[in-house]
Amino acid sequence: MIKAVMVMNTQGKSRLAKFYEYLSVEKQQELIRGFFQVLCSRAENVSNFIDAESIFGLDSRLVYKHFATLYFVFVFDSSENELAVLDLIQVFVETLDKCFQNVCELDIVFNYSKIHTILDEMVFGGQVVETSSSEIMKAVEEISKLEAASNAISLIPKSASGWRSR
Amino acid sequence: MAMHGMRGLSIFISDIRNCQNKEQERLRVDKELGNIRNRFKKEKGLTPYDKKKYVWKMLYIYMLGYDVDFGHMEAVSLISAPKYPEKQVGYIVTSCLLNENHDFLRLAINTVRNDIIGQNETFQCLALTLVGNIGGREFAESLAPDVQKLLLSSSCRPLVRKKAALCLLRLFRKNPDVVNVDGWADRMTQLLDERDLGVLTSSMSLLVALVSNNHEAYWTCLPKCVKILERLARNQDVPQEYTYYGIPSPWLQVKTMRALQYFPTIEDPNTRRTLFEVLQWILMGTDVVKNVNKNNASHAVLFEALALVMHLDAEKEMMSQCVALLGKFIAVREPNIRYLGLENMTRMLIVADVQESIKRHQAQIITSLKDPDISICRRALDLLYGMCDITNAKDIVEELLQYLNSADFTMLEELSLKAAILAEKFAPDLSWYVDVILQLIEKAGDFISDDIWFHVVQFVTNNDDLQPYAAAKAKEYLDKPAVDEKMVKVCAYILGEYSHLLARRPGCSPKEIFSIIHEKLPSVSTTTIPLLLSAYAKILMHTQPPDQVLQNQIWTIFTKELRYESCIDAEIQQRAVEYFALSRKGAAVMDILGEMPKFPERQSSLIKKAEDAEADTAEQSALKLRAQQQPSNALVVTDQHPSNGEPLPVFVGQLSVVKAPNMNNTEDHSSTEQVLSQENGNLSQVDQQPPSADPLSDLLGPLAIEGPPGATVQYENSAVSGLESGPDVVDGSAIVPVEVGTNTIQPIGNIAVRFHALCLKDSGVLYEDPYIQIGIKAEWRAHQGRLVLFLGNKNTSPLVSVQALILPPAHLKMELSLVPDTIPPRAQVQCPLEVVNLRPSRDVAVLDFSYKFGTHMVNIKLRLPAVLNKFLQPLPVSAEEFFPQWRSLSGPPLKLQEVVRGVRPMALPEMANLLHSYRIAISPGLDPNPNNLVASTTFYSENTRAIVCLVRIETDPADRTQLRMTLASGDPTLTFELKEFIKEQLVSIPTVAQAPTPAPPAAPPTPQIPPNDPAALLTDLL
C-alpha cells in the first residue's frame, strides 16, 4: 500500500502532500521536514531509495525522484515493489508534463487542484488504480470538460505572479 | 479547473509566495482564515461558487501545514451540491481534511450512497474515491453490496469499475465480512478474465488483499494468475497504452507475481511448469540497457520474479541462477539495481543451499559497504551481517572494524553493534574476540552499549587461559594517551582482576599498573571511579610482599588526597571506606578481594537483542509477505492483550521461557542499571554469600547480564525445571501418536504426513481442521532456529481460550512468545518460537494446542518439526579433508558401524537425494567402490558447537534391502543419534498412502533408548 505521496521543492516547501492513512497536520509537517532533511543532503547519481523506517515508522519504504526544483516522494509498505513505484513516479511526472506541456514548479503551485485530480486518477486509497498515462489523461480531460460546462475554462498562466504585479 | 476564474484564490497563492518569511506567511494565513470563518458564519448569501473558492483556500492552507479546524461542515455540504465542480471540491476536500471517524462523515453516507447507485458515472467516481480514501466500518456495512454490483456490472465503464474494485478493497479492510458472500470467490476468478487492463490491475490488487487473508478460498484464481503472467511477459499481448518503455504493463506483472506469492505452493504440475517457464523467460530475458526508465521497469519485473522463485522453492539450478544474477546486479553501475541486488541477496540467505554461492560475492559486497550512497552501505551491512558464519567471521568483522574509521556518522551505532554481535557469535578464538571488542571500544566507544563490555569481562573471567592475554591487552590500550571512558572501565576492571598474572613482565609491576590506571582518574566521571577504586584495592591486595610506598599512595587516595572517604557520592564513599578498612587487615582479605567467581553460562543479552532485531528483518523478508496485506487483525489481538511482560501462568515452570514480545528496550535499559548497582554493591556482599552455593545467587551476583531480576529468576527457574524434571518432560518418541482424543473435530489432511513434509522443508501447514489452520515458517541458523506459528482462524466468529504449550525434549530450549487468548474472525496471528539446540538427540518437541469454538473444546498435540536434521549444514569435503579425519576417528564410541536390514529398496542416486534432503552432502567419487556413498555434514548445538560428521554407506547391488553404515564424529552421542536418525529414514519412508487420521508414526525399527534419558526409559515402560 502507498502510504503517502509528497512533492516538495528543493527549499523544503511542500507543493503536494497526500497521506493515505490519517495523520494530524503537525505529524504531516514533521514527516515532510524529516524527509527533506535527508533528501537535500543526498548527492546526485545515487540510488533513489532512502531509509524511511526511522522517520515514518516500521514497514515503510521510500522512493524519490528529483526533477529540476522538485522532489517527488512516495512512501509505501513492503507490499509494493520499489522499482515499480519508481516507474509510478515517472508516470506521474510524464502525465503532468503532458498536461502542462513542460511542467514546472509554478504549474504545480497554481494548479494544485489539477494535480490532485491527476493523482486521484492514478492512486486510489493507497492503491494504484491506473498506470497508463494516456488513460489518466483521458479521465482528467473528461473531468475538465465537465467543469468547463459550468465555468469558463482557462489554465492559470505560468506567469501568474508576473500577472499580479502588473 | 475548479479554481479557474477564482481570482481570489490565485491572488491568495501569490500573496503567500511573496511572503518574505514564515511569520509573514502566518499573518497572511491567519487573515485569510479569519475572513473565511466570518463568511461562513454569515451563511446567508454564500453561493456555491463562494463556498468552493473558500474550501480550496482551506485545502491550500492545510497543505502549507496549518491546522484548519472549521469549515468541515461546509466541505461536507458541498458533496450534495447538484453541479459537478462544487460536488468535486466537496469530495476532494472532505477526503483530505476528515478522517474516517469524523462525525460529519456519517452525515454524508446517504448522499454518497445516492451518488454510487445513481446513473451519473462521474458522480459515481467521486463517491467511490471518497469511500476508497476514508471510508470506515459504517461505510463498509452500508455500501459494500452496491460497490460489488458496480465492479461486476457489465454495463459500467472500466473507469468506474476499476475504482469500485479498490473501493471494495478498502471496505474489506474495514470489515472482512464484506466478501463473505456466496460465490464471491468464483466471481473473483471471473474478474481475472477481464480484458481491460485498468480493471484487471485494480482487481489484482484486490485479489492480493484477499488471498493474503485466506488463500484457500481463492485457489481457483491461481491458474488464472499464471495465465495473465504468461500473456503479459511471454506473449507480450497488451494494448499499446499499457506498454511502458516497451515493457507490457510492468505494474500488473509485478502485482500478479505478488499475488502468486501468497499461495503456499502450486500443486498442479502443468501450472507449475508453465509458471516456471515464464519465470525462466523473465530471468533470462532481462538486460541492462541505457534508458534508465526502461531499466527500472524491466528490473521491477525481474526482482519480483526472483522473489517468486525464492518463494516457490525452485530447483537448485534455478536458485543458483538467481544468485548468479544477483551477483551480477551488485556489481553494476546503476545504483538502484545495486541496492536491490544487495537487498534481495539478503532475503535469499534464508533459502537453503545458496549460502555458499553467496559467499563467493563477499569481496564485491565489501566494496558496496564503502559505497558513497549510504542507502547502499546499509544494505551491504545487512547482507554481510546475515551471511556471516564461522568460516568468514574473521574477514567480515575485520572489514567492519576498518570501515568504522570512514563510515558515515549515522551508521556508526549499527555498524559497531553488528560487529560486536558477529564477533561474539562466531569468534574462532577467544583472544580474537577480546581484540575485536577492545578495538571497537577504541574506535566507537560512544556507540558501544555497556553490555558489550560486560560481556568481555564475563568471557575473560570464565576462561582462565585468556586472562593474562586480556590483562596485557588492557595495559596496552590504557597506555595510550586519550582513552575513551568505556575503555578505562573495562581495562581497569581487567587489570584489577588479572594484572598480577603479568607481574613478571617488564613494565607490569603493581606499581606501574597502578600508575597507568591512576593517570586516567582525573578524566573519568563518578560512575567510573568506583571501578578504579576496586582495581586499586585488588592491586594492593595482590602485591605480596606488601609494597609500603604503593600502599601509602593508595591509602592516601582512599582517605585524604581526594577525600573519597567523605565523598558526597555514597557509592564512592562506601568503597573508599571499606577498602581502606579491609586493606589494613593484610593477607586476611585475600578471600574477600580475591578473583570474582565465574559467571553462569547463559545466552548473552547482546545476541538476544540481535535475534530480536533479526525477527524484524526476517519478517521483512518472507514472513512479512504474509502479514503485509492483512487488515492487521493480529494487532487488534495484541491490543486486547497488552504485552505487559507477564507470561501466562500455565507456562511458568513448565517450559523454558515464555517471552512476551518486545519488552526488550526497557529491559536492556534496566539491566544496565541493574548491573551497575549490583556490581557496586558486590564487594560488601561476597563474604556473607559465598558464590555458587545456590544456583540463584549467581543471578543476583555481579554483572548479571541477562535482565531485570524478576525475569531472570524466572528464566533460570524454568530452564532448570525443564532440564531436570525428566518424567514431566514429554519425550518425543512417546508422545508421537497422540490422538485427537475426545475431540470431535476431524483434522483435514494427515497430520503425520504434514509433519514429515515439514521435516524436509521450512514452511507449510502443520495442522488444519474446519476451524483453524496452523502454519509454520522456520529459519535455521547453526544451532538456533526461529519458527513462526501462523494461527489462522478460518471462521467468521472468534476462536477463544486459545492456548499453546510447548513440551520441549531435554535437548531443546524453546521459547514461545505470548499466544493471544482469542483469535478474531478470519484473522491470523503470528507467534514466534525460538529454538536452541543444546545437544544431539532425536527426540521431538510437541505443541500442545487447544482452543474453543462454540461449545467444542479442541485439544491437539502436534509434533514440531524441530528435528535433528534442521541443525545440520551440508558440508561437501574433498578427499584430502575426508580421509585424515576418517582415520583419526577410530572405532567406537566415536565411530560406529552397523549392518541395517529391511531397508526400503532404492537406487543409489535416490538414496543420495534422500540424504541430501536431510542436509547431508554427498561427496561423489571419494569411495572407489561405485556402490558406496560417502557423505558429510556439520552438526550444530550449543554444547558441541559446530562438529563435522562423516558418513559411509556401503550397499549391495544384489540385495538392496540391506546395507552397512558407518558413522563418525567427534562426539559419541552425536555419532549414535545421527546413525539412528539416518537408519530411521532409510528403513521407513512416510508415504501419503497412510490413513487419513493421524497415524502412529513408523516406530524406529530397533527402538534405542538413549542410556541417560529417564524420560525415554519411563515411556518405554508405559
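**Ground rules**

I number residues from 1 along each chain as its sequence is written, and I letter chains from A and number ligands from 1 in written order. In this predicted model local features need pLDDT of at least 70 and side-chain atom pairs count only at pLDDT 80 or more, while totals for chains, interfaces and linings use all residues; side-chain values use heavy atoms, with hydrogens and water left out.

**Chain A, overview**

I began with the elements of chain A. I took helices (H or I, at least four residues) and strands (E, at least two) as DSSP runs, numbered from the N terminus. Chain A has seven helices and seven strands. Along the sequence I read the pattern β-β-α-β-α-β-β-α-α-α-β-β-α-α. Next I checked burial. Buried means under 20% relative accessible area, exposed over 50%, and partly exposed in between (1.4 Å probe, protein chains only). Of the 166 residues of chain A, 64% count as buried.

**Chain A, the five-stranded sheet**

In what order do the strands of the open sheet in chain A stand? I found β2-β1-β5-β4-β3, with antiparallel pairing. Two strands pair if DSSP finds at least two bridges between them. At the edges stand β2 (14-19) and β3 of chain A, each with a single partner strand, so one side of each has no neighbour in the sheet. From one strand to the next, the twist averages 20°.

I then followed β4(A) through its partners. Strand β3 (residues 49-51) of chain A is joined to β4(A) by three bridges, and the two run antiparallel. I looked up the individual bridges. F49(A) has V63(A) as its bridge partner in β4(A). For I50(A), the bridge partner in β4(A) is L62(A).

With strand β5 (residues 70-76) of chain A, β4(A) pairs in the antiparallel sense over seven bridges. Y64(A) is opposite V73(A) of β5(A). The hairpin of β4(A) and β5(A) has two residues between the strands, and A68(A) there takes a positive phi near 45°.

Why is strand β4 of chain A largely enclosed by the rest of the structure? Five of the seven residues of β4 (residues 61-67) are buried, so the strand is largely enclosed.

**Chain A, helix α3**

I moved on to helix α3 (residues 82-100) of chain A. This helix has 19 residues and reaches 27 Å from its first C-alpha to its last, close to the 27 Å expected at 1.5 Å a residue. The expected span is 1.5 Å times one less than the number of residues. I noted that α3(A) is mostly covered, with 16 of its 19 residues buried.

Both ends were worth a note. At the start of α3(A), a side-chain oxygen of N81(A) comes to within 3.0 Å of the backbone nitrogen of L83(A). After α3(A) comes Q101(A), with a positive phi near 45°.

**Chain B, a helix pair**

I turned to helices α11 (residues 197-213) and α12 (residues 221-234) of chain B. Their axes come within 13 Å and cross at roughly 140°. Axes are lines fitted to C-alpha atoms, for helices over the stretch in contact, and angles run from 0 to 180 degrees between N-to-C directions. α11(B) and α12(B) are therefore oblique to each other. Angles under 35 degrees count as roughly parallel, over 145 as roughly antiparallel, 65 to 115 as roughly perpendicular and the rest as oblique.

**Chain B, the three-stranded sheet**

I found an open sheet in chain B with the order β7-β10-β11 and antiparallel pairing. β7 (800-807) and β11 (856-863) of chain B are the edges, each with a single partner strand, so one side of each lacks a neighbour in the sheet. Here the twist averages 10° from one strand to the next. Strand β10 (residues 846-853) of chain B is joined to β11(B) by eight bridges, running antiparallel. Y851(B) is opposite V858(B) of β11(B).

I looked up T271(B), found in helix α14 (residues 269-285) of chain B. Is T271(B) buried or exposed? T271(B) is buried, with a relative accessible area of 11%. Its side chain makes a polar contact with the side chain of D268(B), at 2.4 Å. A polar contact is a pair of N or O atoms within 3.5 Å; within protein, one must be able to donate a hydrogen and the other to accept it, and residues adjacent in sequence count only if both atoms are side-chain atoms.

Last, I checked V788(B), in strand β6 (residues 784-793) of chain B. V788(B) is buried, with a relative accessible area of 4%. V788(B) and V829(B) are 41 residues apart in sequence and 9.7 Å apart in space, C-alpha to C-alpha.
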